[in-house]
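The report below looks at side-chain packing and pairing, and begins with the terms on which it rests.

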Amino acid sequence: MLPTGKALQMSDYRRLAALLLAASSLGIAQSQTLQSQSAQDKLLHLNQIQVVGTHNSYNTGFAASEAKYFSATYPKAYHGLEYHHLPLSAQLSGGVRQLELDIVQDPAGGRFAHPKIVEITKEQGLPADPDFDPTHEMDKPGFKVIHLGDLNERSSCQRFVTCLQEIRTWSKAHPKHVPIFLLIEDKQGKISQMPGAVTAEPWTAETWDAMDKEIRSVFREKEMITPDQVRGSYPTLEAAVLAGKWPTLAKSRGKVMFLLYNRKSAPAYLAGHPMMKGRALFTNGRPGEPEAAFVEQDNGKPEAIDPLVKQGYLVRTRSDFNTDQGRSNDTTRRDLLLSGGAQMISTDFPVLEPAPWTGYTVGLPGGLSAQCNPVNAPVGCNSALLEPATPHTPEPSPAHHSETLAKR
């Protein structure tokens, strides 16, 4: 502390000058950081970042007796389903920036309200599991979020609209986040391996319109990135994407973007909407198609993905399948993808949900929620300016490649 009540000595002047200089330097550094982030946001486009997502983000797995029955009756299927996720908002707080929701239509309500697996476990004398739907959400009309009818229906948000509301609430509380990518998979017909299981109703033009309406009942137009916004004055969406017209981060922070997973569903979704006019979702396209902007590459390799990214397409892929990498701890594919161009890398095991067998996880280093895209980000892009590091977030599991496993 500087002396008070007496004349300042020369040493005191030096200390005061040092303090003022330090305070000035701190202020300049903070100002430069803000200016740098603002400048980068104006140059960096949303297709020039990379984020981690989750597969079947809503799935909370099996209750204990359900797991015992399912694993004994469908062991191969259970092997691939032995994962579960935190609520959507907790995943977002943990750095996940791409979520996947599987939806079925249920206009009357109640179609999926009584899963057979609940009754089967009772008949087999297994201990009672927690109530599947204590608030009777599944009895209400509207789109539902489930994985396998009658077998694997436990979801952290059972109604589509509830999932959307949870995401929007988190988004409004964190308005500076990079875009959240929402992958939507429509489910129709047979959606379970159980004989006689409930089926999902086929989707009609009215169903697709109802889905868009439900999305827009939660998210305002200015809170979404839509095909109309990206296409702008270009004749096709693909033409705009190839011309580099994805929004910048300055125009897309705090927003969400909807992507349609099933390629076979695109024609029905586009019917009556030439050039995707008025639609909320980007369809899963292929180069050369007028609506091509997003390309799903579930098991694509970097040599196939990176050229698409360099052309301007948005790509989502998966780092692990059927819990295999979680069991073997083989990070080969994960590490290849994180050094490649896919903008969205989806996993069953984000950093807050490690594989129970090995600790395998997928995430970005240093608690980052996004990083500069290794393939197409401009020179000088700084990942630290995309989003503040998420505090107390574990580092991804160490690299462990198949070559290492083969030598053991």
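A residue is called buried under 20% relative accessible area, exposed over 50% and partly exposed in between (1.4 Å probe, protein chains only), while helices (H or I, at least four residues) and strands (E, at least two) are DSSP runs numbered from the N terminus. The model is predicted, so local features need pLDDT of at least 70 and side-chain atom pairs count only at pLDDT 80 or more, whereas totals for chains, interfaces and linings use all residues. Residues are numbered from 1 along each chain as its sequence is written, and side-chain values use heavy atoms, with hydrogens and water left out.

In helix 5 (residues 116–123), the buried residues are I117, I120 and T121. They cover an arc of only 100 degrees around the axis, which puts them on the same side of helix 5; the arc is that of the directions from the helix axis to the C-beta atoms. On the other side of helix 5, K122 and E123 are exposed. Helix 2 (64–73) is included in what covers the buried residues of helix 5, contact meaning heavy atoms within 4.5 Å.

Rings of Phe, Tyr and Trp (its six-membered ring) pair if their centres lie within 6.5 Å, and planes under 30 degrees apart count as stacked, over 60 as edge-to-face and the rest as tilted. By this rule there are 12 aromatic pairs. The ring centres of F70 and Y74 are 5.4 Å apart with planes at 50 degrees, so the pair is tilted, and both F70 and Y74 are buried. For F219 and F258, the centres are 5.9 Å apart and the planes at 70 degrees, so that pair is edge-to-face. The pair links distant parts of the chain, 39 residues apart, with F219 in the loop between helix 7 (205–218) and strand 5 (224–225) and F258 in strand 6 (residues 256–260).

A salt bridge is a side-chain nitrogen of Lys or Arg within 4 Å of a carboxyl oxygen of Asp or Glu, and the structure holds 22 of them. Three are listed here.

| Salt bridge | N to O distance |
|---|---|
| R111 and E201 | 3.8 Å |
| R168 and E223 | 2.8 Å |
| K172 and E223 | 3.3 Å |

K172 lies in helix 6 and E223 in the loop between helix 7 and strand 5, so this pair ties together parts that are 51 residues apart in sequence. Salt bridges that share partners also join D209, D212, R216, E221 and R279 into one network. At 6% relative accessibility, E223 counts as buried, whereas R168 is partly exposed at 21%.
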